[in-house]
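Please examine the sequence and the three-dimensional model shown below. The paragraphs that follow lead from the overall arrangement of the chain to particular helices and residues.

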Amino acid sequence: MKLAKKNALALALTAIALIVVVITFNKWHQVDSNEKASPLETPTLKSRIPAFSIAVPDLDQLPLTLPPEGFSGKTREAYEAARHIPQLLAQLPCYCYCDKSSGHKSLHSCYETDHSAHCTLCVDEALFAYRLQKQGFTAQEIRERIIAEFAPHQ
């Protein structure tokens, strides 16, 4: 009887260990929901598309961006652009990968704080997006151009 209990315990512990390994493996290989929604590419460690919203968010649901008056130069221009195109910025990824490091949801998140004031990549992306929007590009077209321009190249 003792041998049967030991075998049952060993089998249960092995099953638990296998479950833990499978769960850990799945979480390690899990793709963010935004990446699944993007048909542009299959994410890899170097080409992961950062978080963004596919849908146009309600303007009243977006946090305000910081006032541009608190900044100078190119940074001020970027915060001014953010004030004019908040819904577009929410639909764009930010390639400083602040979605992982700071929990940002999109490029818009960078302008809710002074994050962009310390990141030339955020500034360059917002100004690039603003120029394209003024030229009549759609949010999807701008997102594709942002990815092509700012994604790390392998």
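The chain contains seven helices and zero strands; here helices (H or I, at least four residues) and strands (E, at least two) are DSSP runs, numbered from the N terminus. Read from the N terminus, its elements follow the order α-α-α-α-α-α-α. This is a predicted model, in which local features need pLDDT of at least 70 and side-chain atom pairs count only at pLDDT 80 or more, while totals for chains, interfaces and linings use all residues. Residues are numbered from 1 along each chain as its sequence is written, and side-chain values use heavy atoms, with hydrogens and water left out.

Of the 154 residues in the chain, 36% are buried. Buried means under 20% relative accessible area, exposed means over 50%, and partly exposed lies in between (1.4 Å probe, protein chains only). Contact means heavy atoms within 4.5 Å. Among contacts in the chain between residues at least 6 apart in sequence, 65% join residues at least 24 apart.

In soluble globular proteins, nonpolar side chains tend to be buried together. The largest nonpolar core of this model has 31 residues, and those with the most contacts inside it are Leu89, Leu92, Leu107, Tyr111, Ala129 and Ile146. Such a core is a set of buried Ala, Val, Leu, Ile, Met, Phe, Trp, Tyr and Cys residues joined through side-chain atoms within 4.5 Å. At least two residues of this core come from each of helix 3, helix 4, helix 6 and helix 7. Helix 6 supplies the largest share, seven residues. When neighbours within four places in sequence are left aside, Ala129 is in contact with Ile85, Leu88, Leu89, Leu92, Ile142 and Ile146.

How do the helices pack? The axes of helix 6 (residues 120–134) and helix 7 (residues 139–150) come within 10 Å and cross at roughly 140°. Axes are lines fitted to C-alpha atoms, for helices over the stretch in contact, and angles run from 0 to 180 degrees between N-to-C directions. Helix 6 and helix 7 are therefore oblique to each other; angles under 35 degrees count as roughly parallel, over 145 as roughly antiparallel, 65 to 115 as roughly perpendicular and the rest as oblique. On the side of helix 6, the contact is made by Leu121, Asp124, Glu125, Phe128, Ala129, Leu132 and Gln133, and on the side of helix 7 by Ile142, Arg145, Ile146, Glu149 and Phe150.

Helix 3 (residues 73–84) also packs with helix 6, at an angle of about 50° and with the axes 9 Å apart. This pair, helix 3 and helix 6, is therefore oblique as well. Lys74, Thr75, Glu77, Ala78, Ala81 and His84 of helix 3 meet Val123, Asp124, Ala126, Leu127 and Tyr130 of helix 6.

Two loop residues complete the picture. Ser116 lies in the loop between helix 5 and helix 6, and because its relative accessibility is 0%, Ser116 counts as buried. The C-alpha atoms of Ser116 and Ala78 are separated by 8.3 Å, although these residues are 38 residues apart along the chain. Tyr97 is found in the loop between helix 4 (86–90) and helix 5 (98–101). Most residues other than glycine have a negative phi. Tyr97 has a positive phi of about 60° although it is not a glycine.
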